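Q: Hi! Could you walk me through this one while I have it open?
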Amino acid sequence: MTEKKLPRLIAGSAARCAARDVMVEIIRGWAAEGRPDTYGRLSALMKESGYSVPPRGTLMGALLKEACLAEAGRGVPVMLTAIVVNGHSKRPSGQFEVFAKEAPFRRGDQPNWMWEAERDRVFAHYRQ
């Protein structure tokens with residue numbers, strides 16, 4: 001049996017934008033259910049949708065950042081990817097916390113900010 005060749009997800013390509021949009025839909029679904037899920041599960045669901053996005057590495061981090069920025073561009077005031085967590089620690093990767101300090105979000109540099117606050121904001125926003 002021959003495995004279907006998956007598209008290369010080059011920055012700015014139509015395939016990359018489509019993969020990002022699939023990722024947004026998957027994570028929105030989790031948010032509407034009020035539950036986090038793992039990088040591994042997201043990777044598996046992306047593969048089922050026709051995109052190879054390993055659970056660790058730069059591609060996953062870049063697509064998660066692009067997903068947040070795409071939602072921000074649509075006027076969504078939360079960092080959607082706060083609910084994508086590591087299976088062992090049950091926390092987002094360090095990349096998430098770095099991104100949280102950057103524009104347009106600027107949350108991670110606020111005194112006493114914790115990622116759990118963003119997670120709760122995501123759930124509240126998508127469960128409206």
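Q: Phe99 and Phe105, are they buried or exposed?
A: Both Phe99 and Phe105 are buried; that label means under 20% relative accessible area, with exposed being over 50% and partly exposed in between, using a 1.4 Å probe and protein chains only. One thing to keep in mind is that this is a predicted model, where local features need pLDDT of at least 70, side-chain atom pairs count only at pLDDT 80 or more, and totals for chains, interfaces and linings use all residues. Residues are numbered from 1 along each chain as its sequence is written, and side-chain values use heavy atoms, with hydrogens and water left out.

Q: How many aromatic pairs are there?
A: The count is 2 aromatic pairs, where rings of Phe, Tyr and Trp (its six-membered ring) pair if their centres lie within 6.5 Å. Planes under 30 degrees apart count as stacked, over 60 as edge-to-face, and the rest as tilted. One of the pairs is Phe99 with Phe105, which is edge-to-face at 5.4 Å centre to centre and 75° between the planes.

Q: Okay, zooming out. What pattern does the protein chain follow along the sequence?
A: The protein chain runs α-β-α-α-β-α-α, with 5 helices and 2 strands. Those are DSSP runs numbered from the N terminus: helices are H or I with at least four residues, and strands are E with at least two.

Q: And what is the radius of gyration of the protein chain?
A: The radius of gyration is 14 Å, close to the 14 Å that the globule rule gives for 128 residues, so the chain is as compact as a globular protein of that length. The radius is taken over C-alpha atoms, and the rule is 2.2 Å times the number of residues to the power 0.38. The C-alpha trace spans about 55 × 30 × 30 Å along its principal axes.

Q: What share of the residues counts as buried?
A: That would be 39% of the 128 residues. The chain exposes about 7200 Å², with carbon and sulfur atoms supplying 53% of that area; accessible areas come from the Shrake-Rupley method with a 1.4 Å probe, and for residues only the protein chains shown count as cover.

Q: How far apart are the mean positions of the positive and negative charges?
A: They are 3 Å apart, for 20 positive and 14 negative charges. Lys and Arg count as positive and Asp and Glu as negative, while His and the chain ends are not counted. Each charge is placed at NZ of Lys, CZ of Arg, CG of Asp or CD of Glu.

Q: Which residues is Arg16 in contact with?
A: Leaving aside neighbours within four places in sequence, Arg16 contacts Leu9, Ile10, Ala11, Leu59, Ala62, Leu63 and Glu66. Contact here means heavy atoms within 4.5 Å.

Q: And Asp37, what does that one touch?
A: Asp37 touches Trp30, Ile83, Val84 and Val85, not counting residues up to four places away in sequence. Asp37 is in strand β1, residues 37–38, and is buried with a relative accessible area of 15%.

Q: Next one: where is Ala82 found?
A: Ala82 is in the loop between α3 and β2 (84–85), buried with 0% relative accessible area. Ala82 touches several residues beyond four places in sequence, among them Phe96, Trp115 and Val122. Pro92 is another of those contacts; the C-alpha atoms of Ala82 and Pro92 are 6.4 Å apart, at a separation of 10 residues in sequence.

Q: Now the backbone. Which peptide bond is cis, with omega near 5°?
A: The bond from Ala103 to Pro104. Pro104 lies in the loop between α4 (94–99) and α5 (115–126).

Q: What about phi of Arg106 in that loop?
A: Arg106 has a phi near 55°, a positive value in a residue other than glycine. Most residues other than glycine have a negative phi, and most peptide bonds are trans. Arg106 counts as partly exposed, at 45% relative accessibility.

Q: And Asn112, buried or exposed?
A: Asn112 is exposed, at 77% relative accessible area. Asn112 also lies in the loop between α4 and α5 and has a positive phi of about 65°.
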